[in-house]
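Here is a short report on selected local features of one model. Please look at the sequence and structure first.

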Amino acid sequence: MARPAVAEIDLSALRHNFQVAKNYAPNSKAIAVVKANAYGHGAVEIARALEPLTPAFGVACIEEALELRAAGMSKPILLMEGIFTADEVSLAAQHNFWLAVENQFQCDAILRAKLKTPLNIWLKIDTGMHRLGVSPNSVVNVYRRLATSSNVQDKLVLMTHLACADEPNRTETLAQLSCFEQCFGSVVSEAQRLNKTVDASIANSAGTLAWPQTHKTWIRPGYMLYGGSPLAHANNTKHFPSLPLRAVMTLKTAVIALRTVTKGEAVGYGGRWQAPQTSVIATLALGYADGYPRSILPDTPVLVHGQRVPIVGNVSMDMITIDVTTIANVKIGDEVILWGKHLPVDEVARQAATIGYELIARMPLRVPRVYIN
Ligand SMILES: *Cc1c(COP(=O)(O)O)cnc(C)c1O
């Protein structure tokens with residue numbers, strides 16, 4: 001087995017980034033979000049590395065939570081979208097999964113279940129994203145129904161999710177925050193009447209990094225744990241705030257062929273790129289079937305010997321061609337980095353009109369993950 005395309009996963013960078021999230025929100029607890037196979041990094045290995053540091057994990061669905069339990073993880077796991085079918089409620093109670101409740105169906109299913117131990121519930125409010133959550137004017141009612149059920153623990157978390165926190169100038173975040181505060185106040189009054197308590201959770205990575213007023217009891221960092229910056233996207237052009245984060249995934253491969261083409265000769269499918277002068281072309285063992293976007297703009301850089309050189313021609317399914325004319329002594333077998341250390345995935349993503357989240361989260365299984373401590 002020798003195909004050199006691998007995603008190297010740096011677990012010390014991961015642990016460092018978790019600490020960075022905690023440093024940004026020193027008075028909050030942090031849930032490590034490991035949904036979607038830990039954003040493509042391998043859920044089990046990532047959770048194993050974070051388990052000594054984090055009080056709980058966040059995932060999208062019970063299948064992801066069960067995978068972590070089966071691998072031996074014992075910390076609580078929050079199902080951030082709650083249940084999809086009613087039979088998940090008792091399974092969640094058995095396995096100490098925490099449940100988001102974002103609609104009446106989920107609330108009813110929890111109230112109807114026959115449970116031996118009460119559930120830790122995160123009641124989600126739609127404060128303006130209009131994707132999930134109960135409406136602000138129904139939250140006290142839903143809260144009362146949950147809080148008076150023996151299936152629900154005395155302490156409940158009110159949560160919401162921010163739609164625009166990655167753009168520091170958007171006032172929508174302040175509107176969502178004030179909506180949340182209002183709901184929180186009403187729920188706390190009701191909780192006091194019932195002799196119960198309420199915690200709060202708002203911030204994703206962008207909230208953690210850019211909106212201290214959203215930190216509350218629990219932050220829910222995801223993307224930043226993997227070293228990406230949620231602030232480095234198209235609407236913050238030329239604005240890549242440097243954050244003390246380290247890339248966890250480095251996508252790398254090697255040169256498998258080298259040739260010299262003369263001025264005017266074309267490279268790759270469709271002959272899209274033609275040599276403007278005599279050029280040295282290196283072929284890499286990695287293509288769009290390995291998660292590298294075919295839609296990248298011409299001249300997107302890769303790193304060879306630590307230097308940036310451009311991709312030329314179309315990205316193929318299994319291969320990419322680059323122009324290494326400016327680098328001396330490139331040899332077959334030399335390592336090439338597509339993103340990661342010294343070449344942020346956020347930058348590559350912008351060249352493909354997307355966000356780094358997408359590139360890492362959809363990294364196909366074809367690419368072996370190689371873990372380093
Ligand atoms: C995915 C997710 C997060 C983490 O978001 P990042 O932007 O990756 O930090 C937090 N909360 C919820 C509800 C999510 O679905």
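Leaving aside its neighbours within four places in sequence, which residues is threonine 253 in contact with?

## Basis

This is a predicted model, where local features need pLDDT of at least 70, side-chain atom pairs count only at pLDDT 80 or more, and totals for chains, interfaces and linings use all residues. Residues are numbered from 1 along each chain as its sequence is written, and side-chain values use heavy atoms, without hydrogens and water.

## Threonine 253

With those neighbours set aside, threonine 253 contacts Pro4, Ala5, Leu284, Ala285, Leu286, Asp334, Glu335, Val336 and Leu338 (contact: heavy atoms within 4.5 Å). Threonine 253 sits in strand β10, residues 249-261 (strands are DSSP E runs of at least two residues, helices H or I runs of at least four, numbered from the N terminus).

Threonine 253 has 3% relative accessibility, so it counts as buried (under 20% relative accessible area, 1.4 Å probe, protein chains only). A polar atom of its side chain lies 2.6 Å from the backbone oxygen of alanine 285.

## Helix α3

Helix α3 spans residues 43-50; 6 of its 8 residues are buried, so the rest of the structure largely encloses it. The buried ones are Ala43, Val44, Ile46, Ala47, Ala49 and Leu50. Their cover includes β1 (6-10), α1 (11-24), β2 (29-33), α2 (35-39), β3 (56-59) and α4 (62-70).

## Helices α6 and α7

Helix α6 (residues 104-112) packs on helix α7 (residues 139-147) at about 15 degrees, with axes 10 Å apart (axes are lines fitted to C-alpha atoms over the stretch in contact; angles run from 0 to 180 degrees between N-to-C directions). The two are therefore roughly parallel (angles under 35 degrees).

Gln104, Cys107, Asp108, Ile110 and Leu111 of α6 meet Val142, Arg145 and Leu146 of α7.

How values were computed
Parallel < 35°, antiparallel > 145°, perpendicular 65-115°, else oblique. Buried < 20%, exposed > 50% of the residue type's maximum accessible area, 1.4 Å probe, protein only. Polar contact = N/O pair within 3.5 Å; in protein donor to acceptor, adjacent residues only side chain to side chain.
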